[in-house]
Amino acid sequence: NQQRLDKLAHHETVSKDGVGVTLAANMGTAADLARVTASGAEGVGLFRTEFLYLDAQHLPTEDEQFAIYRQVLETMAPRSVVIRTLDVGGDKELPYRPSQNEANPFMGARAIRQSLAHQQVFRSQLRALIRASAFGHLSLMFPMIATLDELRQAKAIYDDERSKLTAKRVPMGKIAVGMMVEVPAAALLADRFANEVDFMSIGTNDLIGYTLAADRTNQNVAYLYQPYHPAILRLIDNVISAGHAAGIPVAMCGEMAGDPIALPLLLGMGLDEFSMAPSAITKTRQVIGQLDAHELAALAETTVNSASTSQEVVTMVQAAVPGV
Ligand code: PEP
Ligand code: MG
């Protein structure tokens, strides 16, 4: 069986009825690259840049970042790499930035909120990314977008840095600009956001927490952290449909993308890219090869329309897909 999985490591991912999807890897540091390339990933769906900042004693300089982004892009080329701009705050505080002392850090100045508040840091990260784009296939993505104003501000700052580098004749590649959908407001309003980005990537780790109002790190409410809650499925389905109506691809980079029970539903909803831990890739590719995406579209629709509890969802998936 391991041999069969190894053979699958360098194949495309296609369902039994011929629907192709992309299986990508999540990564956090350049040290993950070996594992990612060995995993058979068709790209990187999420590079969490915060570790570059959290593991350092000082704010990483533009050149330090450039070197790392370049290494990741060069190693993965011609495959695509989605790099997420800094996502700190919540449970991840920068050691060299004054602590915010917030009562509810996960509801506080996190991710894009901090980037827009500390624009010099944001701009230096964007310059490093734009310069690195000459060395591979880069997509960049903003975390925790809740309003169109935030998205437009982030894009305007990016465009500004891009124009300045263009004026200086700095080499750069074509860059797709996307957003994470991990705040319920953005998932509900996905049709409006979809008109202003090149792609969307659903961050279920936060989306589940914020939708069920259950802190993802709090064991007391772990029972409420329910990926299969019908409310979550409706939000995901809404994001995928909105993306497709606008003609853009929709990815998922939260843990749910590698979840065997969720997989048939996500394939049925038409998710384009699944980004997960490298270790889950070949197994997921094998399972997708045995699934019929058209049949699962009907299952996904019934589930979204009629399930009322997480348990009902699980029961419906297990009845339709024996052996999950
Ligand atoms: C998510 O929220 O699903 C996600 C991928 O981002 P992170 O886990 O880094 O918050
Ligand atoms: Mg998140």
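Tutor: This is a predicted model. Strand 1 (residues 13-14) and strand 2 run antiparallel and are joined by 2 bridges. Within this pair, Val-14 stands opposite Gly-20. The two strands form a hairpin with 5 residues between them, and Gly-18 in the turn has a positive phi of about 90°.

Student: Why is strand 2 largely enclosed by the rest of the structure?

Tutor: Burial is judged by counting neighbours: a residue is buried if 20 or more other C-beta atoms lie within 10 Å of its own. Strand 2 (residues 20-27) is largely enclosed because 6 of its 8 residues are buried.

Student: Which residues touch the most other members of the largest nonpolar core?

Tutor: In soluble globular proteins, nonpolar side chains tend to be buried together. Here the largest nonpolar core has 85 residues, and Val-44, Met-179, Val-181, Met-200 and Val-239 touch the most other members. Helix 11 (residues 230-245) gives the largest share of this core, 7 residues.

Student: How do the residues of the shell around ligand 1 divide?

Tutor: They comprise 2 nonpolar, 4 polar and 4 charged residues. Among those surrounding ligand 1 are Arg-48, Asp-87 and Glu-182. Helix 10 gives the largest share of the shell, 3 residues.

Technical notes
Residues numbered from 1 in each chain as written. Chains lettered and ligands numbered in written order. Predicted model: local features only at pLDDT ≥ 70, side-chain atom pairs only at ≥ 80, totals over all residues. Near = placed C-beta within 6 Å. Helix = DSSP H or I, 4+ residues; strand = E, 2+ residues; numbered from the N terminus. Nonpolar A, V, L, I, M, F, W, Y, C, P; charged D, E, K, R; others polar. Core = buried A, V, L, I, M, F, W, Y, C linked by C-beta atoms within 7 Å. Buried ≥ 20, exposed ≤ 12 C-beta atoms within 10 Å, placed from the backbone. Pairing = 2+ DSSP bridges.
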